[in-house]
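Open the model in your viewer and keep the selection tool ready. We will go stop by stop.

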Amino acid sequence: MKALYDNDSYREEFIEAVYELLEDDPTRDRANQIIDLFDSAPEIEDVAQVVHSRWILDSSDEYASHYHCGKCGEEIDLCNEIYTEPTPNYCPNCGAKMDGGGEK
Ligand SMILES: [Zn+2]
């Protein structure tokens with residue numbers, strides 16, 4: 001899976017900025033330590049794993065549809081009276097992305 005951001009495209013710019021900020025340090029020791037930190041930054045996919053789930057329909061009548069989150073069980077009611085409300089893309093309780101999977 002590709003990371004959501006790209007270290008490499010920003011690296012040169014970052015290094016220049018660090019050297020400029022720390023130009024009073026002739027050994028560039030501190031600057032190089034900061035650049036090492038930049039290079040060891042975890043990719044976003046390691047930090048925030050997207051949890052996938054889906055809305056499971058419990059019951060539906062002419063007024064409302066009742067769903068629960070397949071991950072955490074959070075219940076939501078959607079109005080059917082005027083038009084059928086679309087189910088949310090994310091669970092408001094556990095933050096799961098509702099594109100399938102993770103069913104309990
Ligand atoms: Zn949930």
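Start with strand 1, residues 55-60. It lies largely in the open, because zero of its six residues are buried. Buried means that 20 or more other C-beta atoms lie within 10 Å of the residue's own; exposed means 12 or fewer, and partly exposed is in between, with C-beta atoms placed from the backbone. Helices (H or I, at least four residues) and strands (E, at least two) are DSSP runs, numbered from the N terminus.

A word on what is on screen. This is a predicted model: local features need pLDDT of at least 70, side-chain atom pairs count only at pLDDT 80 or more, and totals for chains, interfaces and linings use all residues. Residues are numbered from 1 along each chain as its sequence is written.

**The sheet**

Strands 1 and 2 run antiparallel and are joined by five bridges. Two strands pair if DSSP finds at least two bridges between them. Strands of a sheet pair through backbone hydrogen bonds, either parallel or antiparallel.

Now pick single residues. Which residue of strand 2 is the bridge partner of W55? Select C69. Then click S60; its bridge partner in strand 2 is S65. Three residues sit between the two strands, and the strands form a hairpin.

Widen the view. Three strands make an open sheet in the order 1-2-3, with antiparallel pairing. Strand 1 and strand 3 (75-79) are the edge strands, each pairing on one side only. On average, neighbouring strands of this sheet are turned by 30° against each other, direction ignored. Such angles come from axes, which are lines fitted to C-alpha atoms (for helices over the stretch in contact), and run from 0 to 180 degrees between N-to-C directions.

**The helices**

Next, select L21. It belongs to helix 1, residues 7-21. Is L21 buried or exposed? L21 is exposed, because 12 other C-beta atoms lie within 10 Å. Draw a C-alpha to C-alpha distance from L21 to A31: they are 10 residues apart in sequence and 8.5 Å apart in space.

Move on to R28, in the loop between helix 1 and helix 2. Its phi is near 60°, a positive value in a residue other than glycine. Most residues other than glycine have a negative phi. R28 has 14 C-beta neighbours inside 10 Å, so it counts as partly exposed.

Finish at N32, in helix 2, residues 29-39. N32 is partly exposed, because it has 15 C-beta neighbours inside 10 Å. From N32 to V18, the gap is 14 residues in sequence and 8.5 Å in space, C-alpha to C-alpha.
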